Amino acid sequence: MAASAARMSAPALMVALAVLAFVAGGSAQLQYGFYKGKCNASDVEAVVQGIVKARFAREAPIVAYLLRLQFHECAVNGCDGGLLIDGPGSEKTAAPNLSVKGYDLIAAIKAELEKRCPGVVSCSDIEILATRDAVALAGGPAYAVRTGRRDRRQSRASDVNLPAPEYTAAQAVAYYARLGMTAYETVVLLGAHTVGATRCSAIKNSRLYRYGGKPGATDPSMDPGTASVYKKWVCPNVTSSDGNTVFLDDQWSALKVDNNYYKNLQLRRGVLSVDQNLYRDGSTRWIVDQLANNAGLFQAQFAKVLAKLSEVNVLTGTQGEIRKVCSKFN
């Protein structure tokens, strides 16, 4: 490490150190079982799990809502609860976040924990725990997460910079590198689309009817049969179809955390450009193949990547605050 640093220019070294500082944040002070013995007679993680389980039983798509919420949270200034804040100019009001769901579940969990031990459990920890529990309920891996995050007293829409659905593989890898992710981890994290959905408006111009800006052109990387089904039944070329739902995985698998998403990429059935581009690019295709062909590997790696994402630029110790209500600062 020292020899490598010595060969780096001073500006390059400063950039590298800045990225490391952003990614690490206060993660060194997180710990497993942080809330044990701190919520009177209550087991905090069990309380969260119980509420998530009840919600999942009546609304299975909650797993997709929470995975998206965690990513939109942690990708902007870290996992700090900033996305949960209401009010003009907050992260929640930024265009990419207008369709984020799951806030009501986080609020319900917080309200229950405030009854049991006021001012103890952070909203940012609740987000991470709830997502973890939903993933397991949807057939994904059961994994441990460290807790002890605190909530940031800042939330600005102007800070929101999220990846575009039209990204190339190289652009996606570069974006996730800002969060400390490798190319391999980027492909694994995008596997969250196994339970995702979008709207026809996200693919009509970019993939179905105006590929490359050419009227009537369809993205040649999309399987022709799949494109035909979308055009005829799901996303016909009329304005009224813009809001129609398009699952990012086969509908039979759209509520399961599994590796079927990668199998669809192999068949050129990826929905978003960024998804299919992972298979078009030789530098990431091998990763897709590996995950598509090994369900157990995907489960294990998905757990590791979600845990890693949950520790991006966190606040700990006496930093920030423990909000009383997740949607507003104390």
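This is a predicted model: local features need pLDDT of at least 70, side-chain atom pairs count only at pLDDT 80 or more; totals for chains, interfaces and linings use all residues.
1. **Span of H3.** Helix H3 runs over residues 44–58, 15 residues in total. From first C-alpha to last, H3 reaches 22 Å. That is close to the 21 Å expected at 1.5 Å a residue.

2. **Buried side of H3.** Which residues of H3 are buried? They are Val 44, Val 47, Val 48, Val 52, Arg 55 and Phe 56. These residues sit on the same side of H3, because they cover an arc of only 165 degrees around the axis. Note that an arginine, Arg 55, is on the buried list. The cover over the buried residues of H3 includes helix H4 (62–74), helix H5 (103–116) and helix H6 (123–137).

3. Lys 53, Ala 57 and Arg 58 are exposed, on the face of H3 turned away from its buried side.

4. **Asparagines with positive phi.** Asn 77 is not a glycine, yet its phi is positive, at about 65 degrees. Asn 77 lies in the loop between H4 and H5. Its relative accessibility is 21%, so Asn 77 counts as partly exposed. Asn 313 also has a positive phi, about 45 degrees, without being a glycine. Asn 313 is found in the segment after helix H14 (295–309). Is Asn 313 buried or exposed? At 16% relative accessibility, Asn 313 counts as buried.

5. The structure holds 18 salt bridges. One of them pairs Glu 185 with Lys 308, with the closest N and O atoms 2.9 Å apart. Glu 185 lies in helix H8 (residues 183–189) and Lys 308 in helix H14, so the pair ties together parts that are 123 residues apart in sequence. Glu 185 is buried, at 17% relative accessible area. Lys 308 counts as partly exposed, at 29%.

6. **Arg 156 and Asp 159.** This pair forms a salt bridge, with the closest N and O atoms 3.1 Å apart. Arg 156 is partly exposed at 40% relative accessibility. Asp 159 is partly exposed too, with a relative accessible area of 24%.

7. Asp 219 forms a salt bridge with Arg 207, the closest N and O atoms being 3.1 Å apart. Asp 219 is in the loop between helix H9 (204–209) and helix H10 (224–234), while Arg 207 is in helix H9. The two are 12 residues apart. Both Asp 219 and Arg 207 are buried. Elsewhere, salt bridges with shared partners join Glu 45, Arg 132 and Asp 133 into one network.

Key. Residues are numbered from 1 along each chain as its sequence is written. Side-chain values use heavy atoms; hydrogens and water are left out. Helices (H or I, at least four residues) and strands (E, at least two) are DSSP runs, numbered from the N terminus. The expected span of a helix is 1.5 Å times one less than its number of residues. Buried means under 20% relative accessible area, exposed over 50%, partly exposed in between (1.4 Å probe, protein chains only). The arc is that of the directions from the helix axis to the C-beta atoms. Contact means heavy atoms within 4.5 Å. A salt bridge is a side-chain nitrogen of Lys or Arg within 4 Å of a carboxyl oxygen of Asp or Glu.
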